[in-house]
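Subject: Structure handover

Dear colleague,

I am passing on the structure below, and I have set out after it what was found. Please read the notes with the model open beside them.

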Amino acid sequence: MARRFILSFTVSLWAGAMPAQTEEFATLKGHGGPIMDIAVTDQGQVATASFDNSVGLWTDVTPLWLEAHDAAVTALASAPDGTIASAGDDYVLYRWTYNQSEKIGSHKGKINGLAFSPDGSRLASASWDGTVGIWGADVPPIFLSSHQGGANDVAFSADGLTLYVATMTGQLVAYDMSVAPFEMRLLVSHGFGINRLITTPDWIAYGAVDGGTRVITHEGETIADLTLERRPILSMDYSASSSQMAVGDGHGFIMVVDTDTWSIARDFRATRKGPVWALAFSPDGAMIYAGGLDDAAYRWPVTLLSEFDPAITGERAFMRAADTMPNGERQYTRKCAICHAITPPPSRKAGPTLFGVFGRKAGTLPDYRYSSTLQDLDIIWSEETIDQLFDLGPDHYIPGSKMPQQRITGQQDRADLIDFLKHATSSEN
């Protein structure tokens, strides 16, 4: 069938009207890194979270970039009124009003899951620091930590009186939110980390590192086991409108489950290579959005999934075979390429482009949000300073910078990387 690469949303998140829907495949392209999460509001607005430190808010195929995070954005949630919340590897939570951010608060570790209460009055955050945060307007945050291990995901019950938490140790627990001090009860001890969680008035579904995909009652009794030989489970979503549940895994498949019969209705390979990190249904359940290693999110009509080839390519430089590249290029693809382009600006990657980096003062590339640490430095990027950066590591060479810890311990490896960068980032090339 012909595939038209268009998207029909024309109303912004805060306009309040439902955008028109079409039964067509679409590509949401423009991020500078992999897609880590997707949220679709009740009003039909699509938001994408990316490794490029930004949130994309989509109208047709045109994004509005929401910029506040200093690291990868890994979690999104939408409230009933269409408000978007985001969080990520910088440990910080933001609430968005159009393109203006309001800092909600922060954890002491990566935030991997967010959920609004059904009335939108509270936001729960799951963090790898071992706590779950409860955030409300004009009240101090509450941190829950009776569960074991870091928290991967959270979900409220339909009445908002119970908060369910999935943990890295394989626990699925329920906190009673009706009366302080919010007592916890253990529902499941899975044995492997539980990554994702869905709750409805009638059941709870979870997906785990070992591929376990199970549905239980609110008392912990098994309803269905949908486990396949694919692992880990990385993303899940549910459409009450169509009674469908979608499950994304590390092998690149999206499994669509009929929750009336607990049968697998469709099993679709969405990626040629790599994981499905992000999944979301449209409000009517007719469309499904997904993202992974590509710098784009994709939308498919659920009923036509079998007619499409995988759209997410997963063709990133760092996944190429090492023996196909010279050593300098190999060092760049392994250590730099996910965050830094070598082409002229603008670039939407998490870090500034390295084009013309030699001779440039650190923290001076226009239109990039540097940390104050880099802006205050007197470093000029040269063979010597780049060698020191990777010899010592950013945490020691530029303490307080946003650059993740990346060391290249071999002197020849650093020399080969510098030679590659001198050629690849030169305006003559």
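The structure holds 0 disulfides, a disulfide being a pair of cysteine sulfur atoms within 2.5 Å. Cys336 takes part in no disulfide, and its nearest cysteine sulfur, that of Cys339, lies 8.9 Å away. Cys336 is buried, with a relative accessible area of 5%, and Cys339 is buried as well, at 13%; buried here means under 20% relative accessible area, with a 1.4 Å probe and protein chains only.

Please keep in mind that this is a predicted model, in which local features need pLDDT of at least 70 and side-chain atom pairs count only at pLDDT 80 or more, while totals for chains, interfaces and linings use all residues. Residues are numbered from 1 along each chain as its sequence is written, and side-chain values use heavy atoms, with hydrogens and water left out.

As to the fold, the protein has 5 helices and 28 strands, which are DSSP runs (helices H or I, at least four residues; strands E, at least two) numbered from the N terminus. The radius of gyration, taken over C-alpha atoms, is 22 Å, close to the 22 Å that the globule rule (2.2 Å times the number of residues to the power 0.38) gives for 429 residues, so the protein is as compact as a globular protein of that length. Its C-alpha atoms fill a box of roughly 60 × 55 × 45 Å along the principal axes, and buried residues make up 55% of the 429 residues.

Best regards

Notes
Buried means under 20% relative accessible area, exposed over 50%, partly exposed in between (1.4 Å probe, protein chains only).
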